[in-house]
Amino acid sequence: MSSSTVITNIATLVTNDPSLHGDSPLGLVRDAAVVIDGDRVAWTGESSKAPATDNRVDAGGRAVLPGFVDSHSHLVFAGDRTEEFNARMSGRAYSAGGIRTTVAATRAATDAELEANLTRYLVEALRQGTTTFETKSGYGLTVEDEARALRLAARHTDEVTYLGAHIVAPEYAEDPAGYVALVTGEMLDACAPHARWIDVFCEKGAFDGDQARAILTAGRAKGLHPRVHANQLSYGPGVQLAVELDAASADHCTHLTDADVDALANSSTVATLLPGAEFSTRATWPDARRLLDAGVTVALSTDCNPGSSFTSSVPFCVALAVRDMGMTPDEAVWSATAGGAQALRRTDIGRLTPGAYADLIILDAPSHVHLAYRPGVPLVNGVWRRGVRVV
């Protein structure tokens, strides 16, 4: 028998329900309550109208919002790249190999070491309000190492992405066509049973448009749905390819032509922006305002990885998006919740509406705006996932 709980005395409730009136996409309710029944939201509305329940939680005049949906991360890895980051931030040349450094450490790690690392970052993210996360392989680049990365990830999330096409494996440096054949053949066969998605880094120095199309098409034939690392470092074919193949998301979207923006606006492909990467590399910020004004659906995620965005904090990314990417606080919060859900093609998360999973966070603040207004402050006071308080 499931029990019901009402969380009441909520100063501001973010529902992401577009049917609620207001000038915000967040479907805000003031002086609100949420009723949880089992693992689902049963009711939302004004506190005075809340139905009777078995249990009662007083939010103390705090804000409540959906748990964050981090739809882009790289959490199955070993080692770190402190020296590389320190050199980059100190203006010194550093050429230790980038992703290849992590590949070497990951290959050398045991399953237990990789899973312990993964769990550590998941706990860290949960404390900061992330209740759903996607994560990728991509630091093994052999059949065995990619398959084990996905197998480990699948123990912790349903949103698992095969990224054998992160870079060309070092041993195939002189034979990229041979590596594409491996990624679309034996490696795909070994990885597909453990994944929902397939991704490719479509960029100069990684995979060109034709290689990326071949990889994503092969994955789709195995039942995996496409996502694309697109247009991060330069203009390129990634965004157009994502739209052509009905990818759930085109991720990064830093260097866009007008045609790229138009393609995204007229598609169901979400533009997932990853401001942690620009922060950590001092790169050009994506122009979220341009995308939003064109009608593109935007998600915000951490891109948590040891090389270019070693943060698990969605609140930090919300603050960056508001400060440096032209988003309003309401838009940034929507993109980190409902936007992330759309990037995963999910309707049961990212919103607090009857029937959705009871994934929610309470902030030590009266409004969601404080996520951008008080950057760097640990505002998450409580986290519920599937109806159970976990923080």
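## Helix 4 and its cover

A residue is called buried when its relative accessible area is under 20%. This model is predicted. By that cut-off, helix 4 is mostly covered, with nine of its eleven residues buried. The buried set is Val143, Asp145, Glu146, Ala147, Arg148, Ala149, Leu150, Leu152 and Ala153.

Among the helices, the partners are helix 2, helix 3 (111–127), helix 5 (176–184) and helix 6 (186–191). Strand 6 (130–136) and strand 7 (159–165) are packed against as well.

Ala147 sits in helix 4, which covers residues 143–153. Ala147 counts as buried because its relative accessibility is 8%, and the cut-off is under 20%.

What does Ala147 touch, leaving aside its neighbours within four places in sequence? Its contacts are Ala190, Cys191 and His194. Leu188 is 41 residues away from Ala147 along the chain, yet their C-alpha atoms are separated by 8.8 Å.

## The largest pocket

The largest pocket holds about 580 Å³ of space. Its lining has 29 residues. Nearest the centre of this pocket lie Ile99, Phe201, Gln232, Leu233 and Ser308.

Three helices each give the lining at least two residues: helix 1 (82–90), helix 2 (99–108) and helix 10 (275–281).

## Two loop residues with positive phi

Asn16 is not a glycine, but its phi is positive, near 60 degrees. Its place is the loop between strand 1 (4–13) and strand 2 (29–37). Is Asn16 buried or exposed? Asn16 counts as buried, because its relative accessibility is 1%.

Arg282 also has a positive phi without being a glycine, at about 55 degrees. This residue belongs to the loop between helix 10 and helix 11 (288–293). Arg282 is exposed, because its relative accessible area is 59% and the cut-off for exposed is over 50%.

Which residues make the nonpolar surface patch of about 200 Å²? Val388, Val390 and Val391 make it. Of these, Val388 is found in strand 16, residues 388–389.

Key. Residues are numbered from 1 along each chain as its sequence is written. This is a predicted model: local features need pLDDT of at least 70, side-chain atom pairs count only at pLDDT 80 or more; totals for chains, interfaces and linings use all residues. Side-chain values use heavy atoms; hydrogens and water are left out. Patches are made of residues with over 30% relative accessible area and no salt bridge: like charges are joined within 9 Å, nonpolar side chains (Val, Leu, Ile, Met, Phe, Trp, Tyr) within 5 Å. Accessible areas come from the Shrake-Rupley method with a 1.4 Å probe; for residues, only the protein chains shown count as cover. A salt bridge is a side-chain nitrogen of Lys or Arg within 4 Å of a carboxyl oxygen of Asp or Glu. Helices (H or I, at least four residues) and strands (E, at least two) are DSSP runs, numbered from the N terminus. Buried means under 20% relative accessible area, exposed over 50%, partly exposed in between (1.4 Å probe, protein chains only). Contact means heavy atoms within 4.5 Å. On a 1 Å grid over the protein atoms alone, a cavity is a set of points where a 1.4 Å probe fits but cannot get out, and a pocket is an open set with protein on both sides within 12 Å along at least five of seven lines; lining residues have an atom within 4 Å of a point. Grid points are joined across faces, edges and corners, and a volume is the space filled by probe spheres set on the points.
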